[in-house]
Amino acid sequence: MTHDSRESLPETLLAVSSERTPRKHLVFSDVDLDRVGRQVGYFYVPHSPDDDAWGTTRIPIAVLKHGDGPTVLLEAGNHGDEYEGQLVLGEVIRDLDIRRVRGRLIVIPAINLPAANAGKRNSPIDGLNFNRAFPGDPSGSVTQQIAAFVNDVLMAASDAFISLHSGGSSLDILPSSIVHCAGDAPHTERNLAAAAAFGAPVSVLLDNLGDTRTAASAAMAAGLTTVSVEMAGQGTVSREALTICRRGVASVLSHLGALKDVTPATPTPAEMLYKVAGPAAYVIANADGVFEPLFSIGELVEAGQVAGRIHFPSDPGRVPLDLKCMQSGIFYAKRQPGLVRQGNCCAVVASRAEMASRD
Ligand SMILES: [Zn+2]
C-alpha cells in the first residue's frame with residue numbers, strides 16, 4: 001500500500017490495517033510469565049483433527065524467574081530432528097538452581113513438538129517448517145499459530161533469544177554459533193558478542209540466503225539480542241556437540257547477565273569468524289546418484305577443488321561427476337545420507353570473515 005492510498009482510506013480502516021493492531025490469539029497457557037519462581041507447564045494450540053474435535057497440541061514451556069535482570073527466550077526443537085538443544089534445555093528446566101537466575105528465562109525445549117515427536121524436520125500436522133513460518137498467523141495452521149504466539153507474546157516480552165539448532169537428518173555441521181547481522185551496527189555487535197560468548201570452535205555469519213521467515217529474523221525485528229547455534233547433526237546426538245552446547249548456553253546466559261556463578265567457555269576467537277554468504281557457499285548436486293565427500297567437516301578447502309563426486313551405481317560405466325568448491329574456506333557442513341537428488345545441498349563451504357569493530 002502506498003502512502004497516498006493510505007491517506008485516502010477512512011479513519012476506521014486505517015486503524016484496522018495498522019501494523020500496531022494486536023493480533024488475536026487462540027493459544028492459551030498455564031504458566032504465568034510474571035510469577036516469581038520455577039514453573040513448568042504448557043501452552044495449548046487449538047487443533048481439531050478427526051480424532052479430537054475440541055483438542056489441543058500442548059507444547060512444554062518453563063519460566064524461571066528470580067531477581068532482576070533480562071528476559072531470555074530459549075528454544076530448541078525448532079526442527080524436530082535436531083537434538084542437542086532439546087536435551088540441554090531439558091537439563092536447564094530440571095537442574096538449574098533458580099537462585100542463580102538474574103531475571104527471567106523462558107525455556108521451550110521442543111517448540112515444534114509435533115515435529116520433535118515424529119523425529120522430523122517439519123511438522124507432520126501441516127507439513128510446515130517452523131523456521132520458515134514467522135511472523136506466523138494466529139488464525140492459521142498449528143505451526144503458524146505457534147510461530148505467531150512466539151512472535152507476538154514471547155518475543156515481545158524478551159530481551160534476548162537463544163535458538164539451538166543442529167544439522168538434522170540431512171546434514172552434519174561443524175559445531176558453531178551463528179552471528180545474525182541486524183539493520184544497525186550496535187545490534188549486530190550485540191549478536192556478535194553473544195555468539196562469541198557461546199564458545200563454539202567457530203562463529204559463522206549466516207543469513208539463510210536472506211530468508212526473513214526464520215525465528216531469528218523475527219527476534220531481530222523485535223530488537224532482541226539473538227544468537228543461534230548449529231550443533232553437529234546426522235539426526236543423532238553428538239556427545240562432543242552436547243558438551244559444547246551445555247557449556248555454551250550457560251556462558252551466553254552469563255554474558256547476558258541472566259545467570260550467575262558460571263565458569264564461562266573461552267570465547268570463540270575473532271580469527272575463527274566465517275561466513276556463509278550467497279549461493280557460492282553451497283555445493284549443490286547436479287544429478288541423481290550417491291554423493292562421495294572428499295573432505296571432512298572442519299577441513300580447509302580452496303576454490304576450484306573438488307568437494308565431492310556423484311556416483312551412478314545403477315550405471316557403473318558412467319564416470320562420476322565432480323562437484324567443485326566455489327570458494328575457499330572451511331568445509332562447514334556436508335550431506336549425511338549418501339543418496340542425493342539433483343538440487344540437494346551436498347556441502348557448505350564457509351569463507352573467512354572479518355568484522356572491524358571486533359576486538
Ligand atoms: Zn534447525
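Two strands count as paired if DSSP finds at least two bridges between them. Keep that in mind for this model, which is a predicted one.

Start with strand S12, residues 289–293. S12 and S17 run antiparallel, and two bridges join them. Look at Val290: its bridge partner in S17 is Leu339. Now widen the view. The open sheet has four strands, in the order S15-S14-S12-S17, with antiparallel pairing. Strand S15, 321–324, and strand S17, 339–340, are at the edges. Each has a single partner strand, so one side of each is left without a neighbour in the sheet.

On to the helices. H8 covers residues 239–255, and H6 covers 185–198. They pack at an angle of about 140°, with axes 7 Å apart. Angles over 145 would count as roughly antiparallel, so H6 and H8 are oblique to each other. Their crossing is right-handed. Who touches whom? From H6 come Ala193, Ala194, Ala197 and Phe198. They meet a set in H8 that includes Ile244, Cys245, Gly248 and Val249. By class, this contact has eight nonpolar residues, three polar and no charged.

H8 also meets helix H3, residues 84–95. These axes come within 9 Å and cross at roughly 45°. H3 and H8 are therefore oblique to each other. H3 passes H8 in a right-handed crossing. In H3, the contact residues are Glu84, Gly85, Leu87, Val88 and Glu91. In H8, they are Ala241, Leu242, Cys245, Arg246 and Val249. What classes make up this contact? Six residues are nonpolar, one is polar and three are charged.

Key
Residues are numbered from 1 along each chain as its sequence is written. This is a predicted model: local features need pLDDT of at least 70, side-chain atom pairs count only at pLDDT 80 or more; totals for chains, interfaces and linings use all residues. Side-chain values use heavy atoms; hydrogens and water are left out. Axes are lines fitted to C-alpha atoms, for helices over the stretch in contact, and angles run from 0 to 180 degrees between N-to-C directions. Angles under 35 degrees count as roughly parallel, over 145 as roughly antiparallel, 65 to 115 as roughly perpendicular and the rest as oblique. A crossing is left-handed if the near helix is turned anticlockwise from the far one by less than a right angle, and right-handed if clockwise. Contact means heavy atoms within 4.5 Å. Ala, Val, Leu, Ile, Met, Phe, Trp, Tyr, Cys and Pro count as nonpolar, Asp, Glu, Lys and Arg as charged, and the others, Gly among them, as polar.
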